[in-house]
Amino acid sequence: MNITILDDYHDTVRTLACFGKLAGHDVTVWNDHTKDVETLAARLKDTEALVLIRERTPIRVPLLERLNRLKLISQRSVYPHIDVDACTRRGVIVSSSMHPGQPSYATAELTWGLIIAAMRQIPQQMAALKAGKWQTAVGVGLRGRTLGIYGYGRIGSVVAGYGKAFGMKVRVWAREAGLARARADGYSAARSKEAFFQECDVISLHMRLVDATRGIVTAADLAQMKPTALIVNTSRAGLIAPGALVEALRSGRPGMAAVDVYEEEPLRDTGHPLLALDNVVCTPHIGYVERDGYESQFSDIFDQILAYLAGKPTNVVNPEVLESAKI
């Protein structure tokens with residue numbers, strides 16, 4: 001089978017143990033990134049199975065119309081970047097494992113790393129030391145402070161556990177089902193959304209970006225935060241109202257941010273306002289970019305290809321296509 005893997009920035013996939021599952025197939029790996037339809041159409045013209053790394057490349061009608069040999073798109077997790085209806089019309093199966101019960105520990109660990117880095121000003125202190133300066137500021141510890149978890153799902157629950165281990169008081173704000181799970185795990189719910197933003201020293205966002213959550217954190221919410229508080233976003237940039245975070249940081253409430261996600265990715269603009277602020281720690285969406293996580297992710301993705309070849313597609317998000325697809 002002709003298989004193409006897009007956006008493997010560091011040429012990592014072929015070094016994974018699970019890559020051996022594709023032995024005997026014609027596999028092409030692209031390490032750069034492009035959204036140009038003409039370029040992608042040329043690269044993918046012979047592709048039968050397309051492997052996507054998360055949401056890096058959008059798969060929409062203008063491209064799909066050019067991919068006459070495409071039979072399967074195999075990936076993991078959510079798929080807002082794929083026009084599933086268009087795939088169905090063209091008889092293309094979309095398989096995407098939602099890895100139930102498996103939180104992204106890699107993202108949770110990065111979240112905690114960002115919290116410590118921001119509160120103790122580690123990047124700023126490193127930069128100062130390299131510039132010949134010594135101890136340029138006094139950081140803030142975590143023990144005894146309040147950690148707010150906004151959205152209590154698989155990752156949020158893990159981060160809450162890290163907070164508890166560090167001696168923090170954990171408060172949760174989420175939908176009622178999430179609050180019920182948090183209470184069952186021994187955490188308390190905030191009295192209100194307003195109190196949540198007012199009282200927490202660190203707030204970490206852990207929600208999927210859907211219509212109901214887009215812009216769910218408003219400028220008014222951020223303005224309620226303490227001038228010493230930190231907001232962390234390793235989920236999706238769209239959870240915060242456009243422009244609200246930069247303006248809030250400039251206004252001093254909250255006092256700090258740690259960000260791993262952006263409206264446009266990859267972020268190539270060195271003049272992006274978040275990168276210009278001294279009170280922000282920024283990373284290039286590396287929450288899930290970790291070797292063990294990659295091994296698990298691509299093992300699922302390659303298993304979906306093998307299942308398709310065996311005539312038994314798995315994790316199909318458009319099952320109606322199975323009636324007409326030639327497997």
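A polar contact is a pair of N or O atoms within 3.5 Å; within protein, one must be able to donate a hydrogen and the other to accept it. Keep that in mind as you explore this predicted model, where the side chains of Thr-57 and Asp-7 are joined by such a contact at 2.4 Å.

**The loop between strand 3 and helix 2**

- Thr-57 sits in the loop that runs between strand 3 (49–51) and helix 2 (61–64).
- Thr-57 counts as buried because its relative accessible area is 2%, and the cut-off for buried is under 20%.
- Beyond its neighbours within four places in sequence, Thr-57 is in contact with Leu-6, Asp-7, His-33, Thr-34, Leu-40 and His-81.
- Leu-52 has its place in the loop between strand 3 and helix 2 as well.
- Leu-52 has a relative accessible area of 3%, so this residue is buried.
- Look for Leu-6 beside Leu-52: the two are 46 residues apart in sequence, yet their C-alpha atoms are 5.8 Å apart in space.
- Setting aside neighbours within four places in sequence, the contacts of Leu-52 include Leu-6, Ile-59, Ile-73, His-81 and Ile-301.

**A buried asparagine**

- You can find Asn-318 in the segment after helix 11 (291–309).
- Asn-318 is counted as buried because its relative accessibility is 0%.
- The side chain of Asn-318 reaches the backbone nitrogen of Val-94 at 3.1 Å.
- Not counting residues up to four places away in sequence, Asn-318 touches Val-84, Cys-87, Thr-88, Val-92, Ile-93 and Val-94.

**Two paired strands**

- Strand 10 (residues 230–233) and strand 11 run parallel and are joined by four bridges.
- Within this pairing, Val-232 stands opposite Ala-258 in strand 11.
- In a regular strand, side chains alternate between the two faces of the sheet.
- In strand 11 (residues 256–259), Met-256 and Ala-258 point one way, while Ala-257 and Val-259 point the other way.

- By type, the lining of the second largest pocket has twelve nonpolar residues, three polar and one charged.

Key: Residues numbered from 1 in each chain as written. Predicted model: local features only at pLDDT ≥ 70, side-chain atom pairs only at ≥ 80, totals over all residues. Heavy atoms only, no water. Nonpolar A, V, L, I, M, F, W, Y, C, P; charged D, E, K, R; others polar. Buried < 20%, exposed > 50% of the residue type's maximum accessible area, 1.4 Å probe, protein only. Contact = heavy atoms within 4.5 Å. Pairing = 2+ DSSP bridges.
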